[in-house]
Amino acid sequence: MLWLTWRQHRNQLLVTLGFLTVLGGILFLTGRVALGAASGEIVSHCYGGGVPCREFDAGLEDLYQKIYPLIVTIPFVPLLAGVFWGAPMLAREHERGTCQLAWTQSVSRGHWLGVKFGVLGVAATLAGLASGQMFGKWLEIFPGKAETLRETSYFGAVGIAPAAWWLFAFALGAAAGVLVRKTLPAIAITVAVFVAAAVTLMLLRPHYAEPVRSVGADPATKGALIVQAGRVAPDGRELRLIDEMPECPPGKGMNACAAAAGYQDFTVYQPTDRFWRFQWTEAGILLAATAVLGGVVVGGTVRRRR
């Protein structure tokens, strides 16, 4: 079965290995370019002119913003495992009718599925770990971008989360394939559900734990995931940073005026030291979903009679 699995899926495995090699090369070369772009000029940026504030290298930040549209696509790389590994694994067998031959040999359906699903699942997990490590090392070139909760758009592409995303995508494709038994519809379902899952977890991420609330300047907000930021009026009302203050018209000196009038900045945030806690939380959610999808695959293959 191991030999058969390799023969049937070696093209997908080799193409994915080649993709990861090319991705690693691109990250290495762009990393060298990024190091050359560092200007050494440190500037600061503050949300809404108040807190939280962060510092960054002007040259690196400029380069980072230029390539940001490409960076936010990295979390969708696991779709490779769902589209090219998972969806065809069972759907193609049904389309071609080869399952009738494969499942009437001396190897049982359970053994056949266990080896295929296990080997490709482990490969998907290792590919996810590799991509997450490469991308994480690359982000370390840009100050404040690695192991941060602030950049939630690519949180699932660093650390251990990519391994769970790759495995989830593979199981999702396999489940879609066993349900519809057609490769192209299975691919379409995989893409749609994966994108929906990615958006859903991005929205849920700020609520993985009870956020911290602080009033005034708080150094812990640096690199944190900001859930809410605003001002507390002298009468205790909470205002958004964009809300008008009757005593202080918009313009230069508004923050100093607000402080003198008794307004205080407040921030609700998830601190950076929760990065790995959130990584394991997201991985746990995806592994639970993967277990459900795995049950669908087993039920649709081993227990289904036709």
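Visitor: Are phenylalanine 135 and tyrosine 154 buried or exposed, and what do those words stand for?

Guide: Buried means under 20% relative accessible area, exposed over 50%, and partly exposed in between, using a 1.4 Å probe and protein chains only. Here, phenylalanine 135 is buried, and tyrosine 154 is too. Bear in mind that this is a predicted model, where local features need pLDDT of at least 70, side-chain atom pairs count only at pLDDT 80 or more, and totals for chains, interfaces and linings use all residues. Residues are numbered from 1 along each chain as its sequence is written, and side-chain values use heavy atoms, with hydrogens and water left out.

Visitor: How many aromatic pairs are there, and what counts as one?

Guide: Rings of Phe, Tyr and Trp (its six-membered ring) pair if their centres lie within 6.5 Å; planes under 30 degrees apart are stacked, over 60 edge-to-face, and the rest tilted. Searching the whole structure turns up 14 aromatic pairs. One of them joins phenylalanine 135 and tyrosine 154, edge-to-face, at 5.5 Å centre to centre with 85° between the planes. Phenylalanine 135 belongs to helix α5 (residues 109-139) and tyrosine 154 to the loop between α5 and α6 (161-180), so this pair ties together parts 19 residues apart in sequence. Helices (H or I, at least four residues) and strands (E, at least two) are DSSP runs, numbered from the N terminus.

Visitor: Which residues form one aromatic cluster?

Guide: That would be Tyr64, Tyr68, Phe135, Trp138, Phe142 and Tyr154.

Visitor: What about salt bridges: how many does a search find?

Guide: Side chains of opposite charge can pair when their charged atoms come close. The rule is a side-chain nitrogen of Lys or Arg within 4 Å of a carboxyl oxygen of Asp or Glu. The whole structure has 4 salt bridges. In one of these, glutamate 282 meets arginine 205 at 2.9 Å, N to O. Glutamate 282 sits in helix α9 (residues 275-303) and arginine 205 in the loop between α7 (183-204) and β3 (212-215), so the pair ties together parts 77 residues apart in sequence. Both glutamate 282 and arginine 205 are buried.

Visitor: Which residue does arginine 213 form a salt bridge with?

Guide: Its partner is glutamate 238, with the closest N and O atoms 2.4 Å apart. Arginine 213 has 43% relative accessibility, so it counts as partly exposed.

Visitor: Which ring does the charged end of arginine 213 sit over?

Guide: A charge sits over a ring if NZ of Lys or CZ of Arg is within 6 Å of the ring centre and within 35 degrees of the ring normal. For arginine 213, the ring is that of phenylalanine 266, with the charged end 4.7 Å from its centre.
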